[in-house]
Amino acid sequence: MKLSVIIVSYNVKYFLEQCLHSVERSIADYPCEIIVVDNNSSDNSEEYLTPRFPNVKFIWNKENRGFACANNQAIRISKGEYVLLLNPDTIIGENTIGEYISFMDRTPDAGGAGAYMLRTDGTFAPESRRGLPTPFVAFCKMTGLTNLFPKSRIFGRYYMRYLDENKTNRIEIISGAFMFLRRKTLDHAGLLDENFFMYGEDIDLSYRILKSGYNNYFLPSRILHYKGESTVKSSYRYVYTFYQAMQIFFNKHYAHYSLLVSLPISLAIWTRAMLAYVGNKFCHSNAIEQKPTMNMLVIGCKECLEDVKEILKREHPKGYHQFVEATEATLPQGHLTVKEIAKFDTVVYDCDNYNYKTILSLLEETPKNTLKIATYSTKSGLLITESEIYSRKK
């Protein structure tokens, strides 16, 4: 077995369905297995997904065991030479798996590799590659020095923006949204630390990979990450879990620092936690009150257009919409050929007739922050946007 793809899911059955479709396309030429561990979802994930993916091995936990624990469950029973830990709110291209297998095969010092993560507006997600959050690096991040001097190798190490985004580079921390790992590396470094319920386990594992004598790499292979669809970021639980993970990591790896260093770091962590909670709560409540009408450009086959037209009549009747009948073969440049593109805030692609790789490429060629990507599949009947999921059946 060449690869084991492991996905941990919690109440995101529709995002997971789309993710699994993209993975199935990407592994078509390789002997691979897909293992999904569900952490006691309450959205009928089991009934919905099991019949749709007969070749996927599902593990249905009766409680939420956390991200690290659930991944470890799957790793222990997996058989692949390589292991990909993948978030359910992602889309990978048809070429993705092949690129990573090829890279790992020819790079024996590589313990793990991360991806170039695109946001839904086509911008680069800076958490795609990070430096080790030493006390000094964490201090620079929390005091804003990282943002003031983003290209500095001294103050900007947290996001490593001084590295070329379009080149393969050694990095220190791989994002847990996409961690392509060598099994031999896991045998040396160990599995994910289950003291981390969610968040921070990717930083800890990346650090242990480096300490085991392997290197971590960033590959400029594009994937889409909706980012955080399994969490409600304004909730106290989210903020507490996120910043508690920072504290756990610091206590585990930097406990030897004196109180003169550790106390200010701890105070900074929890001050940031409080500010983040208040800020997220305010932004979340405003977003609900000011939910905008969406203006969509829809590109796909005739059936796709008819389905989405009915959805938009119901959900966004006041929006400005345009429908273009096309497939990747007839219109490979997609929305880039459409005039007056500025009238739209979202472009919807028929993902049954466009490759995910092509969709991601077209998204990246769009001027940044002007147009967000969405997908529709006539097979699932789902229109998936960053903020909402609409069903053909109401």
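Which residues does Phe178 touch, not counting residues up to four places away in sequence?

## Contacts of Phe178

Phe178 touches Leu84, Leu85, Leu86, Ile92, Thr96, Tyr100, Ala113, Gly114, Ala115 and Ile223, where contact means heavy atoms within 4.5 Å.

## Basis of the model

This is a predicted model, in which local features need pLDDT of at least 70 and side-chain atom pairs count only at pLDDT 80 or more, while totals for chains, interfaces and linings use all residues. Residues are numbered from 1 along each chain as its sequence is written, and side-chain values use heavy atoms, with hydrogens and water left out.

## Nonpolar cores

A nonpolar core is a set of buried Ala, Val, Leu, Ile, Met, Phe, Trp, Tyr and Cys residues joined through side-chain atoms within 4.5 Å; buried means under 20% relative accessible area (1.4 Å probe, protein chains only). The largest such core has 90 residues, and those with the most contacts inside it are Val5, Leu86, Phe178, Phe180 and Ile299. Strand 6 supplies the largest share of this core, six residues. Another core, of 14 residues, lies apart from it and includes Met294, Met296, Val308 and Leu312.

Strands (E, at least two residues) are DSSP runs, numbered from the N terminus. In strand 6 (residues 110–118), nine of nine residues are buried.

Two strands pair if DSSP finds at least two bridges between them. Strand 6 runs parallel to strand 11 (residues 215–225), joined by eight bridges, and Gly114 stands opposite Phe218 in strand 11. With strand 10 (residues 178–182) the arrangement is antiparallel, with two bridges; here Ala113 stands opposite Phe180.

Methods
Buried means under 20% relative accessible area, exposed over 50%, partly exposed in between (1.4 Å probe, protein chains only). Helices (H or I, at least four residues) and strands (E, at least two) are DSSP runs, numbered from the N terminus.
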